[in-house]
Amino acid sequence: MNVPLRIAHLRLVDAAPLIVARDLGFAEAEGLALDLVAEPSWSALRDTLTSGRVAAAQMLSVMPVAMALGLGGVPGEVEALQVLSVNGDVIGLSQALSDRLGALPFGDAHAAGAALLSAAERAPVRIGVPFPFSMHAELLHYWLDQCGPPNRPNAIQVRTVPPPLMTDALAAGEIDAFCVGEPWGSWTVDRGAGVLVLPGSAIWAQAPEKVLAARVGWAEAEPDLARALLRALHRAARWLDVPANMGLAADMLARPGALDLPSELIERALSGRLSTGTGHAVVPGLLRFHAGAAAFPWRSQGAWIADRLARRHDLDRGWAQAAGRRAFRSDLYRRFLQDVVSDLPGASSKIEGALSGPTPVASHRGTLTLGPDSFFDGQVFEPLPSD
Amino acid sequence: MGVTDHPDPSRDLKVVVVEPDRDRALMIVDALRTAGSYDVMVVDQASGLARRVAEAAPDLVLVDLRSPSRDMIEDLALASAPLQRPVALFVDESEDGLAETAIEAGLSAYVVAGLTAERIKPVLDAATARFGMIQRMRAELEATRRALEERKVIDRAKGLLMKARGVSEDEAYALLRRAAMSQNKRIPDVAQALVTAADLLG
């Protein structure tokens with residue numbers, strides 16, 4: 001008899017590990033009956049999780065950290081048990097803005113950043129993101145801060161627009177650009193409403209995009225359930241990583257019971273073969289679930305997110321980084337997966353941005369390859385020493 | 001309503017109802033009208049939602065819990081400073097138990113379907129009161145943060161005085177306090193002036 005477990009998610013391609021774990025029997029093999037609940041918005045998903053209506057949820061990686069810092073005015077504490085997906089965002093421009101900026105080489109963060117900032121000198125550029133506390137918003141701010149920053153206040157205005165409404169908002173001229181997760185960028189291109197200029201990975205090569213979040217203390221109170229869930233997700237992510245499985249994965253995710261989106265759109269996100277509106281582009285690692293210890297919740301990732309939020313919201317950076325580190329539970333991940341994952345990183349924190357290519361690192365069995373995880377401007381982030 | 005720079009406390013509470021379904025919107029507006037005197041505006045489409053809500057500058061926004069546009073409203077109401085609007089949400093009766101947990105969770109109030117006047121009034125009151133409480137909490141947090149900042153500045157100023165005048169920490173603080181009293185200023189302001197001057201002098 002399988003134990004029922006309710007998990008909330010949004011209708012996004014990067015919910016794939018949850019859907020694969022349910023539909024290919026990985027959850028069942030661990031004794032779980034996954035009940036996946038598709039939520040209409042991130043705020044609804046957060047309320048569903050904090051009120052205890054679901055055990056865990058696919059969450060924007062920034063949300064647990066923002067909540068730990070008391071941002072957003074919402075009570076409740078959650079933590080990241082693992083990273084569910086790395087990268088997967090795309091940055092696009094409206095046709096009008098694209099015409100103004102002229103041809104931009106796809107994937108060149110320096111060129112696109114300079115062009116966007118020069119446009120913002122003349123008139124404010126409004127950029128849509130799915131949620132105020134999201135990797136989308138953090139990547140945008142990091143990118144434009146390091147390229148600029150703009151001279152005029154409010155030259156760049158970041159607005160919240162739910163992903164399914166992003167195309168319409170762009171077409172209606174309510175925003176000039178967006179940073180959104182697939183398939184909504186490709187959806188925009190197919191409707192002729194805009195062009196893609198950059199994958200998120202061109203800003204940060206290993207950005208933790210979504211996490212599996214649970215209320216603080218849940219995994220310790222229910223270690224058997226948490227262990228079973230993380231193991232099932234590990235096997236699902238490994239399966240998703242096999243190129244031969246991609247077509248089947250896309251078809252599976254496309255079904256009405258899953259994401260209910262065109263299979264061809266989903267396959268673009270999984271394969272990294274994008275139609276940009278001005279041509280075609282292949283982005284290796286556009287969206288990753290497994291390779292390079294993608295699922296490992298690095299303490300330093302939580303610290304990076306917290307540090308960025310602290311700078312923008314004028315909080316004490318040392319305090320914020322400590323809270324960010326605590327929200328990414330590498331200790332639990334290690335405890336639950338050490339006898340099934342062939343190799344776990346030896347460290348729980350790393351210098352973010354230091355790996356410019358695949359790099360072998362110390363691990364339990366000495367065979368793990370990490371990276372790249374570099375930032376577009378070559379900077380590295382070294383977390384402040386923990387107290 | 002008179003034209004003033006400041007909101008008139010006696011004016012009607014301004015409520016924006018975000019609801020694409022016309023019948024449901026009308027039902028809510030009727031219920032609000034019966035419940036009391038409110039300045040009600042309906043926004044019926046997702047397009048331009050953020051702009052219209054921002055322009056209306058309401059005291060309260062009613063939005064369906066299941067609405068995909070909720071994240072936009074949250075951004076307007078909560079995430080972006082300054083915090084200006086409370087949010088109340090309504091939900092169908094089918095969402096069993098969610099109303100209770102949501103109200104307990106703190107921020108949002110939920111009106112269950114069958115929006116009668118008697119039911120809407122207490123929810124509006126609860127949401128407004130909750131909003132006031134959260135605003136107070138924010139103010140307290142801000143005050144704490146400022147106090148921390150000020151303590152850092154005072155510590156720096158004390159350090160400067162101790163070094164420049166060869167006095168103890170207590171004496172340095174006494175000097176700051178005396179200067180503040182004689183100039184009729186706050187101690188943190190005197191400390192800040194000293195720190196700024198020291199920075200300028202290098």
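1. Let us begin with a strand in chain A. Ala177(A), Cys179(A) and Gly181(A) point one way from β8(A), Phe178(A) and Val180(A) point the other way, and all are buried. Buried means under 20% relative accessible area, exposed means over 50%, and partly exposed lies in between, with a 1.4 Å probe and the protein chains only. Since 5 of the 5 residues of β8(A) are buried, the strand is largely enclosed by the rest of the structure.

2. A word on what you are looking at. This is a predicted model, in which local features need a pLDDT of at least 70 and side-chain atom pairs count only at pLDDT 80 or more, while totals for chains, interfaces and linings use all residues. Residues are numbered from 1 along each chain as its sequence is written, chains are lettered from A and ligands numbered from 1 in the order in which they are written, and side-chain values use heavy atoms, leaving out hydrogens and water. The model scores ipTM 0.84 and pTM 0.82.

3. Which strands pair with β8(A)? Strand β5 (residues 89-94) of chain A pairs with β8 (residues 177-181) in the antiparallel sense over 5 bridges, and strand β6 (residues 125-129) of chain A pairs with β8(A) in the parallel sense over 2 bridges. Two strands count as paired if DSSP finds at least two bridges between them. Helices (H or I, at least four residues) and strands (E, at least two) are DSSP runs, numbered from the N terminus.

4. Now follow β5(A) to its other partner. β5(A) also pairs in the antiparallel sense with strand β9 (residues 194-199) of chain A, over 5 bridges, and here Gly92(A) stands opposite Leu196(A). With 6 of its 6 residues buried, β5(A) is largely enclosed by the rest of the structure.

5. Chain A also has an open sheet of 6 strands, in the order β2-β1-β3-β10-β4-β13, with mixed pairing. Its edge strands are β2 (32-38) and β13, each of which pairs on one side only. Strand β1 (residues 3-9) of chain A runs parallel to β2(A), and 7 bridges join the two; Arg6(A) has Asp35(A) as its bridge partner.

6. Two helices of chain A deserve a look. In α1 (residues 16-23), 6 of the 8 residues are buried, so this helix is largely enclosed by the rest of the structure. Gly25(A), which follows α1(A), has a positive phi, near 80°. Is Glu138(A), in the other helix, buried or exposed? Glu138(A) lies in α7 (residues 135-147) and is buried, with a relative accessible area of 0%. Leaving aside residues up to four places away in sequence, Glu138(A) touches Val62(A), Trp304(A), Arg308(A), Leu309(A) and Arg312(A).

7. Next, the second largest pocket. A pocket is an open set of points on a 1 Å grid over the protein atoms alone, with protein on both sides within 12 Å along at least five of seven lines, and lining residues have an atom within 4 Å of a point. This one is lined by 18 residues, with Asp241(A), Met246(A), Leu270(A), Leu287(A) and Arg288(A) nearest its centre. By class, the lining has 12 nonpolar, 4 polar and 2 charged residues. Ala, Val, Leu, Ile, Met, Phe, Trp, Tyr, Cys and Pro count as nonpolar, Asp, Glu, Lys and Arg as charged, and the others, Gly among them, as polar.

8. Finally, chain B, which has 7 helices and 5 strands. Buried residues make up 40% of its 202 residues. Its pLDDT (the predictor's confidence in each residue, from 0 to 100) averages 73, and 64% of the residues score at least 70. Among its elements, strand β5 (residues 109-112) of chain B has the lowest mean pLDDT (46), and helix α6 (residues 169-183) of chain B the highest (94).

Conventions. 1 Å grid on protein atoms, 1.4 Å probe; cavity = no way out; pocket = protein on both sides within 12 Å on 5 of 7 lines; lining within 4 Å. Contact = heavy atoms within 4.5 Å.
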